[in-house]
Each structure stands twice: as C-alpha cells, then as structure tokens.
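Here is a short report on one protein chain.

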Amino acid sequence: MNPFRRIWQRAMNNDALREKLRIIIFQSDTPLGKAFDIALLCCIVASILIVIVESLQAMPPTAKLVFTVLEYVFTFFFTLEYLCRLYCSDKPRDYALSFFGIIDLLSTLPLYIGWIFGPVRYLMVVRTFRLIRVFRVFKLFSFLQEGDLLMRSLIISAPKIGVFFLFMVIMVISMGTLMYMVEGNIPGTPFTDIPTSIYWAVVTMTTVGYGDIAPATSLGRILCMIVMLMGYTIMAVPTGIVSAQMVHDHKTKRKEDTCPECGSPLPSHAHYCPFCGLKQEKKYIPEQDVTIK
C-alpha cells in the first residue's frame, strides 16, 4: 500500500487527534484554543499589511523579495489551517459552505491564482473578513447582536432602498439629458454626449463634485444648482429608511424581552420571570454558548 495513503487512513481514523484539533481550532475557551486564535488574528493582520505595503511603487527589491516570501509562508499557514478545519470538523461540508468556510477558502486562493493572473493576488485582502473572529476570541457578543440588528434592518429595508435607487437612476438620466440639451451645443463644452452628462449628474447629485465637468451658461448653472439641492435633499433618504427600521426592531426586541405577565425586563438567559415567577415560553441561549466557527 502507498505509504501516503496509509498515513492518510490512519489520520482519518484517529478520533482522538481530530477531537484535540477541533478543540484548539474551533474553541477559544481553552488556553491553547485562545492562543491559536490570537496567533491566527496576528497572522491575518500581518499578511494584510504585507499586501498593502508591497503595492508601493518605491519598494526596494530586497524588501519586496522578503515580503513575497512572507506571503508564501502566510498562505501556506492559512491553507494548512483550512485543511485542518475540514479534517477536524464534525460536518466538513457544512463548514465548507458556511460564511467563514467560504472566507477561509477565498483567503488562500488568490496567491495560487496569481501565478496565472498576477493582479488577482491582491484579493488576499479578503482575509480582513476573518478578523470577525475577534468577537469570539474576546467574548464581544453584544457587538455581534448589534451587527445582527443592523444586517436585519438592511435586509428588511432592501425593497424600499431598491425603489429609491430606481428613482435616483431616473433622476440622473433625466438631469443628465437636460444638461446635455442646455450645454451640448456650446463650443468647447465638456458635455459632449448624454453618457458624459449622466456622469456629471451622478457626481453632482451625490455631492462628490470632482469639478472636472462644469456648466458654462447661466441656464446650465441654474440647473446645476437644482441638482445640487436635490442631492442634499434626497441622499439622506436611505439612511432614514434603515434607521427607522433599526429603531422599530430595537423596540420590538425590548418588548419581547419583557415578561408578558408583569411587564418587567427579563435577563437574556431567564426561563422564569424574577419578579412574578412566570415561566417564559421563549428559550434563551446563554451568551457563553454563542460561538463563531
């Protein structure tokens, strides 16, 4: 039998080794697990900084070579870590298809793909998403709950924001076309076509104002002022939509976290009301049991 195959079969049947690795890699309650997570976070930060610094044009050749070697070292470490996660996971397929499983895989692929398509290697900055594990390492679960509230509000508000976005598209097309009609016939005008005029409308309405295109006629300037004022008026609409949804969800959550009998506030882990003793139907998950894998 092939010796590599024999080693592989022994490793796959070694339940004790898989359990030890699972505790170290997926749990941060043990000293080894927390040390592994902290070391992983440090490697992620270091690899991201290397990618950013390496993109500088004035980088000396020697330093560039050192950073390239370090990139390979970090990528090998992250690849080995990903394979270990698959090896010791109770359900490897579920992990591979999870959010963190996909991010872990994507953080290892850019360097390999960069052998064929060079610039793709800079997509290694996707490793920044792996820093979300800092919430699990340092038990910052309240921040995760706030992030979940924000994500829920964004998802619920998506249809309204979609309608607003369609309205904005209609507005910039209309204003860009009007500006082309006003300025398009002026000699030396920058509004040479409707797409360029739409680009101007987007830049002006979003209050970015690059200044590369500007109207020359009085009518064009009046139209420009109208577009500016419209931008200030309507650009805050998406923020208001999401904020209103967040306030609504926050009030709903607070209402759910009160006793239906006496209206007293309930701890997040309460199965009985501490004031009237009523048993709570909702099952609360203790904060220390919430983990990110």
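From the N terminus on, the elements run α-α-α-α-α-α-α-α-α-α-α-α. That gives 12 helices and zero strands in the chain. The model is predicted. Of the 293 residues in the chain, 31% are buried. Take the contacts between residues at least 6 apart in sequence: 58% of them join residues at least 24 apart.

Helix H3 covers residues 31-54. Its 24 residues reach 34 Å from the first C-alpha to the last, close to the 34 Å expected at 1.5 Å a residue. Helix H10 covers residues 194-205. H10 has 12 residues, which should span 16 Å at 1.5 Å a residue; its end C-alpha atoms are 16 Å apart, so the two values agree.

Which residues of H3 are buried? Among them are Gly 33, Phe 36, Leu 40, Leu 41, Ile 44, Ile 48, Ile 50 and Val 51. The buried set of H3 also includes Asp 37 and Glu 54, along with Cys 43 and Ser 47. In H10, the buried residues are Ser 197, Trp 200, Ala 201, Val 203, Thr 204 and Met 205.

**The second largest pocket**

This pocket has a volume of about 190 Å³. It is lined by 15 residues, and the closest to its centre are Val 203, Thr 204, Gly 209, Cys 224 and Met 228. H10 and helix H11 (218-234) each supply at least two lining residues. The largest share, four residues, comes from H10. By class, the lining has 10 nonpolar, four polar and one charged residues.

Two of the residues closest to the centre, Val 203 and Thr 204, are also buried residues of H10. Cys 224 is in that central group too. Why does Cys 224 count as buried? Its relative accessibility is 8%, and buried means under 20%.

**The loop after H10**

Thr 207 lies in the loop between H10 and H11. Just after H10, this residue takes a positive phi of about 60°. Most residues other than glycine have a negative phi. Thr 207 is a residue other than glycine with a positive value. Thr 207 is partly exposed, because its relative accessible area of 39% falls between the 20% and 50% limits.

Where does Tyr 232 lie? It is in helix H11. Tyr 232 and Thr 207 are 25 residues apart in sequence, yet 7.2 Å apart in space, C-alpha to C-alpha. Tyr 232 is exposed, since its relative accessible area is 64% and the limit is over 50%.

**Cysteines**

How many disulfides does a search of the whole structure find? It finds zero. Cys 88 is in no disulfide; the nearest cysteine sulfur, that of Cys 84, is 6.8 Å away. Is Cys 88 buried or exposed? Cys 88 counts as buried, because its relative accessibility is 3%.

**Accessibility side by side**

| Residue | Relative accessibility | Class |
|---|---|---|
| Cys 88 | 3% | buried |
| Cys 224 | 8% | buried |
| Thr 207 | 39% | partly exposed |
| Tyr 232 | 64% | exposed |

Methods. Residues are numbered from 1 along each chain as its sequence is written. This is a predicted model: local features need pLDDT of at least 70, side-chain atom pairs count only at pLDDT 80 or more; totals for chains, interfaces and linings use all residues. Side-chain values use heavy atoms; hydrogens and water are left out. On a 1 Å grid over the protein atoms alone, a cavity is a set of points where a 1.4 Å probe fits but cannot get out, and a pocket is an open set with protein on both sides within 12 Å along at least five of seven lines; lining residues have an atom within 4 Å of a point. Grid points are joined across faces, edges and corners, and a volume is the space filled by probe spheres set on the points. Ala, Val, Leu, Ile, Met, Phe, Trp, Tyr, Cys and Pro count as nonpolar, Asp, Glu, Lys and Arg as charged, and the others, Gly among them, as polar. A disulfide is a pair of cysteine sulfur atoms within 2.5 Å. Buried means under 20% relative accessible area, exposed over 50%, partly exposed in between (1.4 Å probe, protein chains only). The expected span of a helix is 1.5 Å times one less than its number of residues. Contact means heavy atoms within 4.5 Å.
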